[in-house]
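Happy to walk through this one with you. Let's take the labels one at a time and see what stands behind each.

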Amino acid sequence: MSYDTSNVFARILRGELPCRKVYEDEWALAFEDINPAAPVHVLVIPKGAYVSLSDFSATAPEAAIAGFFRAVGKVAEELGVTANGYRVLANHGPDSHQEVPHFHVHILAGRKLGPMLAPQR
Ligand code: AMP
């Protein structure tokens, strides 16, 4: 899948759309999810153009991968959620219900999050 430069997170990165920024460094931007699923729901995105985790892990330079995942840890630290706990989640592709085709991880926290998935039917 080729990268769609008009996706909403690309537009946020270019400053064309606003976001509620919580963290930014050379490798990553973190902002509040517009439709939170938990009291803390922050998205962390790499600054490069990667469609998903598979694309990012296969094609990003090692410095970008290290910088991104260090940023995820820093964001969790700065959000103050490491003591009580948090969940990091990334969707890739249609079965996962990935909506935005720019790689991102969700950081969810602030309440008991329950089991990771609903039971299989
Ligand atoms: P995913 O299903 O993993 O692709 O998640 C996409 C997430 O992006 C959803 O949780 C949306 O609520 C969130 N989202 C979509 N548009 C925006 C936006 N403009 N600002 C912040 N979050 C957004």
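Q: What makes the pair Glu-32 and Arg-20 a salt bridge?
A: In this predicted model, the closest N and O atoms of Glu-32 and Arg-20 are 3.3 Å apart. A salt bridge asks for a side-chain nitrogen of Lys or Arg within 4 Å of a carboxyl oxygen of Asp or Glu, so the pair Glu-32 and Arg-20 qualifies.

Q: How do you know that this pair links distant parts of the chain?
A: Glu-32 sits in strand S2, while Arg-20 belongs to the loop between H1 and strand S1 (21-24). The two are 12 residues apart.

Q: Why is Arg-20 called exposed, and what is the term for Glu-32?
A: Exposed means over 50% relative accessible area, and Arg-20 has 60% relative accessibility, so Arg-20 counts as exposed. Glu-32 has a relative accessible area of 35%. That value lies between the 20% and 50% limits, so Glu-32 is partly exposed.

Q: How do you know that Lys-47 and Glu-24 form a salt bridge?
A: Their side chains meet at 2.8 Å, N to O. The limit is 4 Å, so the pair Lys-47 and Glu-24 is a salt bridge. A polar contact of 2.8 Å also joins these two side chains, and for that term the limit is 3.5 Å.

Q: Why are Lys-47 and Glu-24 given the term partly exposed?
A: Lys-47 has a relative accessible area of 33%, and Glu-24 has 39%.

Q: What else does Glu-24 meet?
A: Leaving aside residues up to four places away in sequence, Glu-24 touches Leu-29 and Lys-47. The side chains of Glu-24 and Lys-21 are joined by a polar contact of 2.7 Å. As for Pro-46, 22 residues from Glu-24 along the chain, the C-alpha atoms of the two are separated by 9.9 Å.

Q: Why does the pair Glu-16 and Arg-14 count as a salt bridge?
A: The closest N and O atoms of Glu-16 and Arg-14 are 2.7 Å apart. With the limit at 4 Å, the pair Glu-16 and Arg-14 meets the requirement. Arg-11, Arg-14 and Glu-16 are linked in a network of salt bridges. The whole structure holds 5 salt bridges.

Q: Are Glu-16 and Arg-14 buried, exposed or partly exposed?
A: Glu-16 stands at 43% relative accessibility, so Glu-16 counts as partly exposed. Arg-14, with a relative accessible area of 45%, is partly exposed.

Q: Why is His-106 called buried?
A: Buried means under 20% relative accessible area, and His-106 has 13%, so His-106 counts as buried. Its place is in strand S5. Among the residues that His-106 touches are Asp-33, His-41, Leu-43 and Arg-87. The side chains of His-106 and His-41 are joined by a polar contact of 2.8 Å.

Q: What lines the largest pocket?
A: The largest pocket is lined by 29 residues, and Asp-33, His-41, Leu-43, Glu-99 and His-106 lie nearest its centre. Helix H1 (8-13), strand S2 (28-32), strand S3 (40-46), strand S4 (86-89) and strand S5 (105-109) each give two or more residues to the lining. The lining divides into 16 nonpolar, 8 polar and 5 charged residues, and about 780 Å³ of space lies in this pocket.

Q: What makes the phi of His-97 worth a look?
A: Most residues other than glycine have a negative phi. The phi of His-97 is near 70°, a positive value. His-97 is found in the loop between S4 and S5, and at 55% relative accessibility His-97 counts as exposed.

Q: Why is Gln-120 called exposed?
A: Gln-120 reaches 80% relative accessibility, and the term applies over 50%, so Gln-120 counts as exposed. Gln-120 is found in the segment after S5. From C-alpha to C-alpha, Gln-120 and His-92 are 19 Å apart in space.

Notes
Residues numbered from 1 in each chain as written. Heavy atoms only, no water. 1 Å grid on protein atoms, 1.4 Å probe; cavity = no way out; pocket = protein on both sides within 12 Å on 5 of 7 lines; lining within 4 Å. Points joined across faces, edges and corners; volume = space filled by probe spheres on them. Helix = DSSP H or I, 4+ residues; strand = E, 2+ residues; numbered from the N terminus. Nonpolar A, V, L, I, M, F, W, Y, C, P; charged D, E, K, R; others polar. Buried < 20%, exposed > 50% of the residue type's maximum accessible area, 1.4 Å probe, protein only. Polar contact = N/O pair within 3.5 Å; in protein donor to acceptor, adjacent residues only side chain to side chain. Contact = heavy atoms within 4.5 Å.
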